[in-house]
Amino acid sequence: MKNKKKSILFFNARRRVNMAKKMIEYLKNRYTEYQLISSDTDYLDPISYVTDDFVVLPSIESQEFESVFLEVIKKKNIVGIIMWNDKDFAAIEKMRLKIEKLGCKILMPKEKKYEICNNKMLTDKFLRTHALYTPQIYENPDKIKKYPVIIKPKNGAGCVDVYKADNLEEAIVFYKKVPNPIIQEYIEGVHYTVDTYFDRCDGVLCSVPRKRIKVREAEVMIAKIEMQEEVMNVAQQLTKFFSEEGPMNIQVILSVDDGKPYIIDIHCRIGGGSELSIEGGVPLHEWIIDDIIGGEKRIQYIVNDGLIMTRYFDAFFINENSSIKK
């Protein structure tokens, strides 16, 4: 037991197989006494077949989750947690003191900061307070001044229940259909996801815009690094104002009408398409591991501007009559 490796948990990461591989490679090259493990609610998640270990946990909404999770942290010698799903933040925050008491670090912002990201009304208020561009919000369909508009949940993510309304009739229908809805001005323009990272000593370490060329069910399939100055600057400003250790990915639309960069979403975690930035030279995965372990970061890098990512889904095949890994 004395030689048992310390574990870093990639929590409920599901399909983040390539990201997990990058982290595992870095650990093996620099921090050999550590391993990467992953978790979810069943063994069939693809990430279970690439990480060093995998644990099945009850649903995070269940009553037994906290006791089981704390026991897993102790049993698996987990010293750090990398968050992935925005909807998990609130539950983990409630457990933060108990988790940290076990000597485990969580790489996620404090409660007020992640609530700003996860509530579109709070996001809007935060952005306007700091004089950053963001689409106009309307209280209800009767207040809409210009079409089209986007109607989506105030606490939504991943393009679920997001609709574009071209007139009042559609707006009324979608407003009734969407749970806890918000109406947002539609901005015509080029859509970017910007990978940023904040370090308490060195400030903003990167601001890398990825142009979204093709998206399927909120997952970017084709993207291109475009070091567009306006987009980079606004993301860097937001990251400075936010000043929370760790990664963020920021959704920005560069308007074709006025040329301004409008921020439409903030996520205080690494993005699903961040592997493009990593392949383009930005060591995001290294910084995440370094921050959890307390190692010195490599902050010198060169971005491969113009690099394009096109990807596909791979598969694992499991015989149900055979023993399942871990």
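Start by selecting asparagine 118 and the residues around it: leaving aside residues up to four places away in sequence, asparagine 118 touches Asp86, Phe89, Lys154 and Asn155, where a contact means heavy atoms within 4.5 Å. Asparagine 118 sits in helix H5, which covers residues 111–118. Helices here are DSSP runs of H or I with at least four residues, strands are E runs of at least two, and both are numbered from the N terminus. Is asparagine 118 buried or exposed? With 18% relative accessibility, asparagine 118 counts as buried. (Buried is under 20% relative accessible area, exposed is over 50%, and partly exposed is in between, using a 1.4 Å probe and protein chains only.)

A quick word on what you're looking at: this is a predicted model, where local features need pLDDT of at least 70, side-chain atom pairs count only at pLDDT 80 or more, and totals for chains, interfaces and linings use all residues. Residues are numbered from 1 along each chain as its sequence is written, and side-chain values use heavy atoms, with hydrogens and water left out.

Next, pick cysteine 117. Its sulfur is 3.7 Å from the closest cysteine sulfur, in cysteine 268, which is too far for a bond, since a disulfide is a pair of cysteine sulfur atoms within 2.5 Å. Now click on cysteine 268: this residue is in no disulfide either. Cysteine 117 is buried at 3% relative accessibility, and cysteine 268 is buried with a relative accessible area of 3%.

Now hop to tyrosine 147 and proline 148. A cis peptide bond joins them, with omega about 0 degrees. You'll find proline 148 in the loop between strand S6 (137–138) and strand S7 (149–153).

Two asparagines come next. Asparagine 77 isn't a glycine, yet has a positive phi of about 55 degrees. Look for asparagine 77 in the loop between helix H2 (65–75) and strand S4 (78–82); at 27% relative accessibility, it is partly exposed. Then select asparagine 180, where phi is positive too, near 50 degrees. Asparagine 180 lies in the loop between helix H7 (168–177) and strand S9 (181–185), and is partly exposed with a relative accessible area of 44%.

Finally, zoom out to the whole protein. There are 10 helices and 15 strands to colour. Along its principal axes, the C-alpha trace spans about 65 × 45 × 40 Å. Buried residues make up 51% of the 326 residues.
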